[in-house]
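Subject: Structure handover

Hello,

Here is the structure for your files. My notes on it follow below.

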Amino acid sequence: MFRAMKHVFIVNPAAGKSDRTEIYRKLIDAAFVPRGLQYELLVSQAPGDCRKLAQQAAASGEEVRLYACGGDGTLNEVVNGVIGCPNAAVTHYPGGSGNDAIKIFDDPAAFTSIERLLSAEEAPFDLIRCNDSYALNVLSIGFDARVGTDIARFKRLPLVTGKGAYVLSILSNMVHGLSADYTVTLDSGEVLSGQKTMICICNGRWYGGGFNPVPEAEPDDGLLDVLLVKKVSLLQVAAVIGKYQKGKYADYPALIRHERCTKLTIRCDTPSVVNIDGEALHTDFLDISLKPKALRFFYPKGLSYRLKAE
């Protein structure tokens, strides 16, 4: 089976703290050479290249397994590159700072083993379509999306750590306001207008390096889990976002609304930054829908992404 299948590793050298291309190559060789297996290692040269490389790898129609080597943004690009290619299966070989998408699995560290990925299982995962882009994991707009986008800018400052950049980004965005006007139209036809601090649409369960807003979300249940956080004050923000981060949205029913749907639209008064699996989009209108079982995702044999019964 492995000999009849192409294995393509798509590397983003800008992911994480340093270029890991040669480290990846040595680890892949250690797993592939003893088995007599062939692979391709393709390296992106600019933003958007991972998507193009994935498209090219899947274009032949041959059965291919694509390994996204980098962070969540790298995985997002590879996923977008294989839309409409039933011959392509995708996984994550993590090398980023968050690697949030694979945290739904009971042992995410197993994804760092090429040997484990060669002995893989596969599942058809849903995707979130947003305008002309797709997300495997989480899409968000509002305060948290602004914070996440600005972290990279603060990380470039001398002596600023990852945690320090996160704190600086929060403080900076608090100065610029916690809320904005959004009009959300659900698939039921209900329209929800007014000031909101953030809106989160989940297919997966983790994002932002430690946020688990809807712990019960499943990547293949045919539904989007949506959280709408109303305008909060400076005095409320720490408590509310703390609960939101830990998936305790039900503790604030007056401020955080949970909906399950298959499509919705979001209109903003002004263009806003949207976080799509770690990639930034700037727009004033989002047309969002669920694309059921649109991605073949493979993962180390024996792992589970199902929620464990309490």
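The largest cavity has a volume of about 60 Å³. For this, a cavity is a set of points on a 1 Å grid over the protein atoms alone where a 1.4 Å probe fits but cannot get out; grid points are joined across faces, edges and corners, and the volume is the space filled by probe spheres set on the points. The structure holds one cavity of 30 Å³ or more. The lining residues (those with an atom within 4 Å of a point) are Ala101, Ile104, Phe125, Leu136, Asn137, Asn203, Gly204, Pro219 and Phe297. Six of the lining residues are nonpolar, three are polar and none is charged, where Ala, Val, Leu, Ile, Met, Phe, Trp, Tyr, Cys and Pro count as nonpolar, Asp, Glu, Lys and Arg as charged, and the others, Gly among them, as polar.

Please note that this is a predicted model, in which local features need pLDDT of at least 70 and side-chain atom pairs count only at pLDDT 80 or more, while totals for chains, interfaces and linings use all residues. Residues are numbered from 1 along each chain as its sequence is written, and side-chain values use heavy atoms, with hydrogens and water left out.

Next, the secondary structure, taken as DSSP runs numbered from the N terminus (helices: H or I, at least four residues; strands: E, at least two). Strands β1 (residues 6-11) and β2 (residues 40-43) run parallel and are joined by four bridges; pairing requires that DSSP finds at least two bridges between two strands. Val8 has Glu40 in β2 as its bridge partner. From β1 the chain passes through helix α1 (residues 21-32) to β2 in a right-handed β-α-β crossover, that is, clockwise from the first strand over the helix to the second with the strands pointing away from the viewer.

Helix α3 (residues 72-81) is largely enclosed by the rest of the structure, because 10 of its 10 residues are buried. Buried means under 20% relative accessible area, exposed over 50%, and partly exposed in between (1.4 Å probe, protein chains only).

The salt bridges come to 13, counting a side-chain nitrogen of Lys or Arg within 4 Å of a carboxyl oxygen of Asp or Glu. One of them joins Arg25 and Glu22 at 3.4 Å, N to O. These two lie three residues apart in helix α1, so about one helical turn separates them. Arg25 is partly exposed at 31% relative accessibility, and Glu22 is partly exposed at 45%. Asp251 and Lys243 meet at 3.1 Å, and Arg257 and Glu259 at 2.7 Å. Glu63, Glu122 and Arg296 are linked in a network of salt bridges.

Regards

Technical notes. 1 Å grid on protein atoms, 1.4 Å probe; cavity = no way out; pocket = protein on both sides within 12 Å on 5 of 7 lines; lining within 4 Å.
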